[in-house]
Amino acid sequence: MSKYLGLDRLGKLFQIVRQNGGLKNTYLKLYRNDDLKLGTLVGTDKYGNKYYENPYYFYGRNRWVEFADHVNMDYDGSQIPAEWFGWMHYKTDLPPIRDGKRPKYKWMADHSENHSGTEEQYMPYSTTRPKIEAWDPKKGSGSK
């Protein structure tokens, strides 16, 4: 009977609010992530990202990441390190904190996010002249 009245969904909402630490934190999480989910914390990476899992949700939607607070709304999929990327995309069922067999060699570079579209993006140095000159309104119209 409670299922027909929607009381089970109301109970789930109360669980989500309790897990997030109150109404204010729930609203902030909804604002940042566009979704409210109930799940168990699987682990945290060294960048502060938190990884959750809940088998109640459909396969492919039952694992998610909540990015660290310092990135605000500028989160991107490239901010997930490689070891957690494998777990998020079901390449392995063992998260990196429980998998002791993962090799860590000294030649392996540390993870860095993709900076395309930001001021920190890579711009190659060019010694050739540009083929097209940009129009400068201060020089005048050019035809008199």
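Is Ala82 buried or exposed? Ala82 is exposed, because its relative accessible area is 60%, and the label "exposed" means over 50%, with buried under 20% and partly exposed in between (1.4 Å probe, protein chains only).

1. **Before you start.** This is a predicted model, in which local features need pLDDT of at least 70, side-chain atom pairs count only at pLDDT 80 or more, and totals for chains, interfaces and linings use all residues. Residues are numbered from 1 along each chain as its sequence is written, and side-chain values use heavy atoms, with hydrogens and water left out.

2. **Where Ala82 sits.** Look for Ala82 in helix H4, residues 82-88. Helices (H or I, at least four residues) and strands (E, at least two) are DSSP runs, numbered from the N terminus. From Ala82 to Asn33 the C-alpha to C-alpha distance is 21 Å, and the two residues are 49 apart in sequence.

3. **How the domains meet.** Twelve residues of domain 2 are in contact with seven residues of domain 1, where contact means heavy atoms within 4.5 Å. Between them the domains bury about 750 Å², of which 29% is on carbon and sulfur atoms. Buried area here is the accessible area (1.4 Å probe) that two parts lose on being put together, summed over both.

4. **Polar links across the interface.** Seven residue pairs are in polar contact across the interface of domain 1 and domain 2, both residues being at pLDDT 80 or more. A polar contact is a pair of N or O atoms within 3.5 Å; within protein, one must be able to donate a hydrogen and the other to accept it, and residues adjacent in sequence count only if both atoms are side-chain atoms. On the side of domain 1 that touches domain 2, helix H2 (7-20) and helix H3 (23-33) each supply at least two residues. H3 gives the most to that side, with four residues. By class, that side of domain 1 has one nonpolar, two polar and four charged residues.

5. **Salt bridges overall.** Side chains of opposite charge can pair when their charged atoms come close. With a salt bridge taken as a side-chain nitrogen of Lys or Arg within 4 Å of a carboxyl oxygen of Asp or Glu, the count comes to six. Three salt bridges are found across the interface of domain 1 and domain 2.

6. **Glu66 and Lys29.** The closest N and O atoms of this salt bridge are 3.0 Å apart. Glu66 has 12% relative accessibility, so Glu66 counts as buried.

7. **Arg61 and Asp35.** In this salt bridge the closest N and O atoms are 4.0 Å apart. The pair links distant parts of the chain, 26 residues apart: Arg61 is in the loop between strand S2 (50-53) and S3, and Asp35 in the loop between H3 and strand S1 (40-44). Asp35 counts as partly exposed, at 30% relative accessibility.

8. **Glu53 and Arg63.** These side chains meet in a salt bridge at 3.2 Å, N to O. Glu53 belongs to strand S2 and Arg63 to strand S3, ten residues apart. Glu53 is partly exposed at 23% relative accessibility, whereas Arg63 is buried at 8%. A network of salt bridges links Glu53, Arg63 and Asp93.

How values were computed: Ala, Val, Leu, Ile, Met, Phe, Trp, Tyr, Cys and Pro count as nonpolar, Asp, Glu, Lys and Arg as charged, and the others, Gly among them, as polar.
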